[in-house]
Amino acid sequence: MAAETGTPTTLTLKSNDDELFSVAESAAILSVTIRNMVEDGCAGGVIPLDNVDGKTLASVITYMNGISAIPADEEKKKSYRDKFLSDKDFETLADMVLAANYLNMSCLMDAVSAKIAQVMEKKSVGWVRRKFGIENDYTPEEEAAVKEEHKWTFEGVETDDDN
Amino acid sequence: MAASSSAAAKPPWQELPREITAAILYKLGPFEILTTAVKVCTAWRSVCQDPSMWRRVDMRSTNGGWERPFKTEPMCRRAVDLSQGQLIDLSIEHFATDDLLLYISQRSSQLKRLQLINSLHMFRNSLIGAIKNFPLLEELHLEFTDVSRKTIETIGESCPLLKSFKLNTDWQKYTVSDAEALAISKSMHGLVHLQLISNRMTDKGLNAILEGCPNLESLDLRRCFKVRLWGNLRNLCSERIKDLKLPRDPIDDCRFGTHEVYNDDEYGTWDDDIYDDETSEDDVYDDESSDDFCGGCCCGDDDMDLVSDVALDDDDDSMEYSGDEYDDESEVSF
């Protein structure tokens, strides 16, 4: 671990497409995965992160640096997270959620998950399938049954299951 | 983008690790899960029906509950069913009924936190039956949810682990009664956090709470305009309570702030007019005069206090509550 005083320790992270990144240990250990490696003494050389590509890792490191620079103020951290994610497109969010999960960063995971959920808020089943590229693997019988089981709208109210 | 497992043309949403799908879908909230996500594909259905998704269920309006004309009560029953007894935290707004609460209580013995908001379809004694089935309850938050003194006592007796209790309203502001405060002091000895926004208690009720709840760390008395903190009471509160909010402290951090009538200026106009006229200091604070008023009726000591307080309510209030106060014996003695 970094000494309490003196020069901050820097770690080198390697993405799965072989890009190298330098990051302050104090920021990098927001990732429990990295923290465990550091604590196990595996952080002497380069830390390989096999499940994260360079573009995503660069973004995650920006987040690590930004959020660790904010003192313990949950409101400010939240607003930083919101701002950080505000310009990310859908595909980037997908990469981020996988990276946050792999790196075990609960605060980022939480925020990205919420952001992705927001994308499908108030959308129809058909829209969600198209947006997420999900194939409808229900048999017609199963689909009819699942619709019947989840009939929550009042009679006469249009459902939007298929639009 | 460089080739990588996570950067294919389309992310493999259907094949994501289950915990990632669960994390995302959980954020949708119960209403969207039950109307949309569960129907998307079999993998999502499986995640949506996992009991772990239903341990903490937030069915408040702010979580999508009032956006579309859903049959909210059956949805809540489904949420309870899906939790398979693992429900530990439930918030519901607008649609709590006696039947629903009983249904929940018979299937959720692990419940630790319950929040009921705007429960206009519940009777004042509704919770009595249900609450006995929540022996592990630690937090009970009632907003705009009217309960009787007897209910409060039953809550206290049935939930020995109760640490946080909120009883917030705005509809009893013109009446004076220490009934709720006394019931709290009598039965909820383990409380650490207590919030009683717009409660109609007096200094006597507050004194009883300080005595009856020795572990209290936070106490929110905002809009309890009949609490005067006379004598040594203000000091006593400050010494005992780490986080103390006084009757006139700002209220804009909670939803009660939306009721404009409560800004201090307007409040000032009815404060002195109404309650000082109707309840003189002697009536409220002098126990002896209260006893005289009670006139040696048959009620016990505790009840006598309650009765004396209720006696101070103005006539309009007794009319207002005549419909549902009959369960509170002490409050209908007159």
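**Of the 163 residues in chain A, 41% are buried.** Buried means under 20% relative accessible area, exposed over 50%, and partly exposed in between (1.4 Å probe, protein chains only). This is a predicted model, in which local features need pLDDT of at least 70 and side-chain atom pairs count only at pLDDT 80 or more, while totals for chains, interfaces and linings use all residues. Residues are numbered from 1 along each chain as its sequence is written, chains are lettered from A and ligands numbered from 1 in the order in which they are written, and side-chain values use heavy atoms, with hydrogens and water left out. Chain A has 8 helices and 3 strands. Helices (H or I, at least four residues) and strands (E, at least two) are DSSP runs, numbered from the N terminus. Along the sequence, the pattern of chain A reads β-β-α-α-β-α-α-α-α-α-α. Of the chain A contacts with a separation of 6 or more, 57% are between residues 24 or more positions apart. A contact means heavy atoms within 4.5 Å. Chain A exposes about 8700 Å², with 49% of that supplied by carbon and sulfur atoms. Accessible areas come from the Shrake-Rupley method with a 1.4 Å probe; for residues, only the protein chains shown count as cover.

**Chain B has 14 helices and 8 strands.** Its 334 residues are 54% buried. Take the chain B contacts between residues at least 6 apart in sequence: 72% join residues at least 24 apart.

**Chain A and chain B bury about 4000 Å² between them.** Carbon and sulfur atoms carry 62% of that area. B:Trp13, B:Lys27 and B:Lys39 supply 18% of what chain B buries against chain A, more than any other three residues. Buried area is the accessible area (1.4 Å probe) that two parts lose on being put together, summed over both. The contact takes 46 residues from chain A and 39 residues from chain B. The model scores ipTM 0.90 and pTM 0.78.

**A:Phe90, A:Phe132, B:Trp13 and B:Trp44 are linked by ring pairs into a cluster.** Rings of Phe, Tyr and Trp (its six-membered ring) pair if their centres lie within 6.5 Å; planes under 30 degrees apart count as stacked, over 60 as edge-to-face and the rest as tilted. By this rule there are 8 aromatic pairs over all chains. A:Phe90 and A:Phe132 are edge-to-face, because their ring centres are 5.0 Å apart and their planes lie at 85°. A:Phe90 is in helix H5 (residues 90–103) of chain A and A:Phe132 is in helix H7 (residues 125–132) of chain A, so this pair ties together parts 42 residues apart in sequence. A:Phe90 counts as buried at 15% relative accessibility. A:Phe132 counts as buried too, at 1%.

**A:Phe132 also pairs with B:Trp44.** The ring centres of A:Phe132 and B:Trp44 are 5.6 Å apart and the planes are at 75°, so the pair is edge-to-face. A:Phe132 belongs to helix H7 of chain A and B:Trp44 to helix H2 (residues 42–48) of chain B, so the pair joins two chains. B:Trp44 is buried, at 3% relative accessibility.

**The charged ends of A:Lys88 and A:Lys123 sit over rings.** A charge sits over a ring if NZ of Lys or CZ of Arg is within 6 Å of the ring centre and within 35 degrees of the ring normal. A:Lys88 covers the ring of A:Phe84, with its charged end 4.2 Å from the ring centre. A:Lys123 sits over A:Trp127, 4.8 Å from the centre.

**B:His94 and B:Ser198 have positive phi.** Most residues other than glycine have a negative phi. Phi of B:His94 is about 85°. B:His94 is in the loop between strand E2 (89–93) and helix H4 (98–105) of chain B. Phi of B:Ser198 is near 60°. The loop between strand E6 (193–195) and helix H8 (203–212) of chain B holds B:Ser198. At 2% relative accessibility, B:Ser198 is buried.

**Chain B averages a pLDDT of 77.** pLDDT is the predictor's confidence in each residue, from 0 to 100. In chain B, 69% of the residues score at least 70. Residues 1–9 of chain B stay under 50, and the model has 15 contacts beyond four places in sequence for them. Residues 257–334 of chain B also stay under 50, with 113 such contacts beyond four places in sequence.
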